[in-house]
Amino acid sequence: MKRKNKYQNKMPDANQNTKVAKIGVVLTDPEDWTASAFLKTIEKRGANALPINLSTLSASISGSDFSIFHTDLNVKELDAILVRDIGISFSLETISFKFDLLRQFENSMIVMNSPAAIQNAANKFFSFYLFKLARLPIPRTVVTSELEVALKTIEKFGSAVVKPIFGSQGKGIFKLERSQSESELASKLAKLLKERGVLYLQEFVPNPGRDIRVFVVGEEALSAIYRVPRSGSFVSNLSQGATPVKCELTEEMEELAISAAKAVGADFAGVDLIESEEGLCLLEVNATPSGKGIKLAFGIDVTGRIVELLFERLEDKK
Ligand SMILES: Nc1ncnc2c1ncn2[C@@H]1O[C@H](COP(=O)(O)OP(=O)(O)OP(=O)(O)O)[C@@H](O)[C@H]1O
Ligand SMILES: [Mg+2]
C-alpha cells in the first residue's frame with residue numbers, strides 16, 4: 001500500500017495539517033520549455049513552484065551567522081530544489097559561487113540533480129574518467145596543452161574531434177584529419193590552444209550519420225531520439241540544427257544510458273550515445289538536459305517523471 005504523502009494536497013486542510021510543498025526551480029529563463037514544464041508540473045501536482053535564478057541570491061557570513069537570502073523569497077521555507085539550468089558563465093568566480101550556493105542548500109534539503117552530479121557531467125575530462133571507472137564503452141580521448149602531443153594524437157586517431165572540456169550545445173566542436181597538412185593542423189591547434197589553454201581530442205567515431213539521446217530518470221530510460229545533423233555537419237545537437245527522429249529503445253541503450261547517469265551521480269540525465277562499428281559508444285551525460293527534443297519527437301513530457309522522483313525522495317526523507 002503506497003504511504004500517504006503529506007505533500008499531497010495544495011490547500012492546507014485544517015484538521016489534516018497537510019503542508020504545501022515549496023519547490024525551488026533553479027533556472028535562468030522561465031520561458032525555456034523545460035523550465036516552464038517543471039514549474040507547471042510541480043503546480044499541477046499541488047505544490048508551490050518557485051523560480052530561482054542563482055544570480056539573484058546573496059549570502060552573508062559572520063563569526064556567528066551564515067545565511068543565503070533573496071530580495072523577495074524566503075529560501076529557508078524551501079522543501080527541495082530542482083535544477084533546470086545554472087546558467088553558463090565564463091567567470092570561474094561566478095560559476096563556483098553558484099555551485100557553492102547549491103552545496104549549501106544541499107545541507108538542508110534535496111537538490112536534484114546534485115551539484116556534484118552537474119559538475120561531474122559538465123566536465124568532459126572528469127566524466128570520462130568516471131565512465132572508465134564504470135567500464136563503459138567510450139571513444140579514445142587525449143587532453144593536453146602540448147602542441148606536439150596534439151599533433152601526434154591526430155596522427156594516431158586519423159580523425160579527431162576537438163571540443164571544449166566544459167562544452168555544450170555542440171559549440172566549439174571541430175573535426176581535424178590526419179590527411180590535413182601538418183602546418184594547417186599546427187596553426188589550427190595553436191590557435192585553439194591560445195584560446196582555451198588545453199585541448200580535448202577524441203577519436204571520431206564513424207557512425208550512421210546520427211547520434212542517440214536517451215532520457216534517463218532514476219533507474220529508468222524513458223525514451224530515446226535519434227538526432228540527425230543538418231547536412232554537411234557531424235554535430236547532432238538540436239541547437240545546431242539537427243532533427244529529432246523517433247528511436248526504439250533497445251536494452252543495450254537502456255543499460256548503457258542508466259549506467260552512465262549513475263556513473264556521474266545524476267538522478268535524471270540526457271545521455272548521448274553513438275553507434276560505432278563495435279556497438280554503442282558513450283559520448284557524454286548532460287545533467288541539466290532539455291526535455292524539448294523528446295517532447296517534439298514523442299510528445300512525452302519527461303518533467304512529470306522527474307517531479308515524481310523528487311516527491312518520492314521527499315517522502316523517503318520523512
Ligand atoms: N567522438 C565523436 N565522434 C563522432 N561524433 C561526435 C564525437 N563527439 C561528438 N560528436 C558529435 O558532436 C555532438 C556534440 O558533442 P558532445 O555531445 O560531446 O558535446 P556538447 O556540446 O557537450 O553537447 P551537449 O549540448 O549535448 O552537452 C554529438 O552529439 C555528436 O553528434
Ligand atoms: Mg552532447
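User: Is Ser159 buried or exposed?

Analyst: Buried means under 20% relative accessible area, exposed over 50%, and partly exposed in between (1.4 Å probe, protein chains only). Ser159 has 13% relative accessibility, so Ser159 counts as buried. This is a predicted model: local features need pLDDT of at least 70, side-chain atom pairs count only at pLDDT 80 or more, and totals for chains, interfaces and linings use all residues. Residues are numbered from 1 along each chain as its sequence is written, chains are lettered from A and ligands numbered from 1 in the order in which they are written, and side-chain values use heavy atoms, with hydrogens and water left out.

User: Where is Ser159 found, and what is Ser159 in contact with?

Analyst: Strands (E, at least two residues) and helices (H or I, at least four) are DSSP runs, numbered from the N terminus. Ser159 is in strand β8, residues 159–163. Contact means heavy atoms within 4.5 Å. Leaving aside neighbours within four places in sequence, the contacts of Ser159 include Ile154, Leu176, Gln202 and Phe204.

User: How many salt bridges does a search of the whole structure find?

Analyst: A salt bridge is a side-chain nitrogen of Lys or Arg within 4 Å of a carboxyl oxygen of Asp or Glu. The search finds 17. One of them pairs Arg178 with Glu155, at 3.6 Å, N to O. Arg178 lies in the loop between β9 (174–177) and α6 (182–196) and Glu155 in helix α5 (residues 147–157), so the pair ties together parts 23 residues apart in sequence. Arg178 is partly exposed at 43%. Glu155 is partly exposed too, at 47%.

User: Which side chain meets Glu275 in a salt bridge?

Analyst: Arg210 does, at 2.7 Å, N to O. Glu275 is in strand β14 and Arg210 in the loop between β10 (199–203) and β11 (211–217), 65 residues apart. Glu275 is buried, at 18%, while Arg210 is partly exposed, at 25%.

User: Which residues coordinate the magnesium ion?

Analyst: Count donors: N, O and S atoms within 2.8 Å of the metal (3.2 Å for Na, K and Ca). Water is not among the atoms, so sites may look incomplete. Here Asp272 (OD) and Glu284 (OE) coordinate the magnesium ion, ligand 2, at 1.9 to 2.0 Å. The pair links distant parts of the chain: Asp272 is in strand β14 (residues 268–276), Glu284 in strand β15 (residues 279–286), 12 residues apart.

User: Are these two buried or exposed?

Analyst: Asp272 is buried, with a relative accessible area of 3%. Glu284 is buried as well, at 13%.
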